[in-house]
Amino acid sequence: MGVWTGWKAGAALVLSVSLLAGCGSNSGQSSAGKQSGSSEFADPELNIAVFQGGYGREYWDKIAEAFMADHPGTTINITASPKIAELVRPKIVAGNPPDLMYISGSDNTPILDGLIKDNALTDLTDVFEGQAEGGKEKLADKILPGVLQSRSMSPYGDGKVYLAPFNFGVMGLWYNKNLFEQKGIAPPKTWDELFALNATAKQNNRALFTYQGLYPGYLEEMLVPSIYSLGGQKALDQYFDYDPTFWSSDTFKQTWGLLDKIAKEDNALMSGTVALNHTQAQTAFLQGKAMFIPNGTWFEDEMKDAPREDGFQFGFLGVPAFSDGKPTTAMTSVEQIVIPAKAKNPELAKAFLKYLYTDDSIKLNAEHSKAVLAVKGAPDLAKPYISETTYNVYKTVDDGIVAVNGTFKSVAKGSKYNPSEEVYVPISSIMNKQLTLDQYAQQMTSLYTELGKELQTTSP
């Protein structure tokens, strides 16, 4: 939510929670209430750490209360903070981590990379292969297709799940639904149709496209699905795994060619875009200065107080295909929950994790966080608590729009490179017509070659 940062590319969206053992009252810890009596668990006390961001912490308090009521004798201690990583890092280093952690936010998520690199997470495969809480189906069958198989959840490529999916976001291009309906404009399904709307944009006194100029990483929301649309998973793997040959492929040329065309075609890019921050560009879009902008499911809520043109209605397009008959795509990113390998109470942590995927939990989360879990049918369960716009966007995925996600492979320990920044920041120079696609491709080929060398040098 808000400014794009490199962690977004890791398919782990906006907010996360961790479960943490006592960090003192000033760290936001609360015990959700001690229960008397015996427990079905050998160790009835669970310490969890929660990222407290835009979604707040109320859901975690409520779901802890519900779990303790259903499992008498258990106690759940919650530590919540916007800077949850600062609180849990010393405990992880000391070998005394929380039992369960929900981590998100760009300042916090690097701790997950460290745990993955150190093989310091509990294997959760048995949780998802087991029966869902209160149901007959396997829990894995409730999760959105492809999520558990993604690197975000199965980081070692061995089919084992080490990070559990939580809230998810959907990203793509947005437009003014009211304008399109009033003018009889059909939302474009292909890139050719989108560029053909430039004349219509001109007639309506607006540019075709804008984006969050100072944060070109937002453009991944159309680039990543486009890579998949053209080259499938193979091309996406080349892109995220630092294969230098990606930058000489037709998939690269066509995908980044979209940016080149937007930069060079008259009226395609809103004047001044490159110098705007995310709020300024998004406000300009709402005010009718551009037809399309990339963003995610948080868009409407983030800009709820921003000025806009009369009758504006949020419309979600997804990402157009390159040819007729091909499906529309969208980028998704999924938050993660983990159980550290050195957790003192993994049995209770796994039971609580499984509980989070129940229908009641999904409803509680929607009611108190206005968020949607990466679970089949979750948008309908959340519908009473989220806006119509947000519901419609989530339903596009639930109804079969091709959801694409991926994350850059972890760089070598000690690397000076942040792949997301290295790849996306230079796009500003393409949009300013100061950097050609050939020059950019040369830079990226060198970068990927160097990243590959670093990984070879440091691999065991």
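Buried means under 20% relative accessible area, exposed means over 50%, and partly exposed lies in between (1.4 Å probe, protein chains only).

## About the model

This is a predicted model: local features need pLDDT of at least 70, side-chain atom pairs count only at pLDDT 80 or more, and totals for chains, interfaces and linings use all residues. Residues are numbered from 1 along each chain as its sequence is written, and side-chain values use heavy atoms, with hydrogens and water left out.

Helices (H or I, at least four residues) and strands (E, at least two) are DSSP runs, numbered from the N terminus.

## Salt bridges

Side chains of opposite charge can pair when their charged atoms come close. A salt bridge is a side-chain nitrogen of Lys or Arg within 4 Å of a carboxyl oxygen of Asp or Glu. The whole structure holds 10 salt bridges.

One of them joins arginine 151 to aspartate 241, with the closest N and O atoms 2.3 Å apart. Arginine 151 sits in the loop between helix 4 (125–129) and strand 5 (164–176), and aspartate 241 in the loop between helix 8 (220–240) and helix 9 (250–264), so the pair ties together parts 90 residues apart in sequence. Arginine 151 is partly exposed, at 28% relative accessibility. Aspartate 241 is partly exposed too, with a relative accessible area of 28%.

Another salt bridge links lysine 138 and glutamate 129, at 3.1 Å from N to O. Lysine 138 is partly exposed at 30%. Glutamate 129 is partly exposed at 47%.

## Helix 15 and its end

Which residues of helix 15 are buried? Helix 15 covers residues 388–398, and its buried residues are Thr389, Thr390, Tyr391, Val393, Tyr394, Lys395 and Val397. They pack against several elements, including strand 5, helix 11 (299–302) and strand 9 (329–338). Contact here means heavy atoms within 4.5 Å.

Lysine 395 also forms a salt bridge with aspartate 399, with the closest N and O atoms 3.3 Å apart. Lysine 395 counts as buried, at 15% relative accessibility. Aspartate 399 is exposed, at 57%. Salt bridges with shared partners join Asp380, Lys395 and Asp399 into one network. Just after helix 15, glycine 400 takes a positive phi of about 115 degrees.

## Helix 1 against helix 13

Helix 1 (residues 58–70) packs on helix 13 (residues 359–369) at an angle of about 150 degrees, and their axes are 8 Å apart. Axes are lines fitted to C-alpha atoms, for helices over the stretch in contact, and angles run from 0 to 180 degrees between N-to-C directions. The two helices are therefore roughly antiparallel, a label for angles over 145 degrees.

Glu58, Tyr59, Lys62 and Ile63 of helix 1 meet Ser361, Leu364, Asn365, His368 and Ser369 of helix 13. These contact residues divide into 3 nonpolar, 4 polar and 2 charged. Ala, Val, Leu, Ile, Met, Phe, Trp, Tyr, Cys and Pro count as nonpolar, Asp, Glu, Lys and Arg as charged, and the others, Gly among them, as polar.

## Positive phi angles

Most residues other than glycine have a negative phi. Tyrosine 242 is not a glycine, yet its phi is positive, near 65 degrees. Tyrosine 242 lies in the loop between helix 8 and helix 9. Is tyrosine 242 buried or exposed? Tyrosine 242 is buried, at 4% relative accessibility.

Asparagine 267 also has a positive phi, of about 70 degrees, although it is not a glycine. Asparagine 267 is found in the loop between helix 9 and helix 10 (278–286).

Terms used: Parallel < 35°, antiparallel > 145°, perpendicular 65-115°, else oblique.
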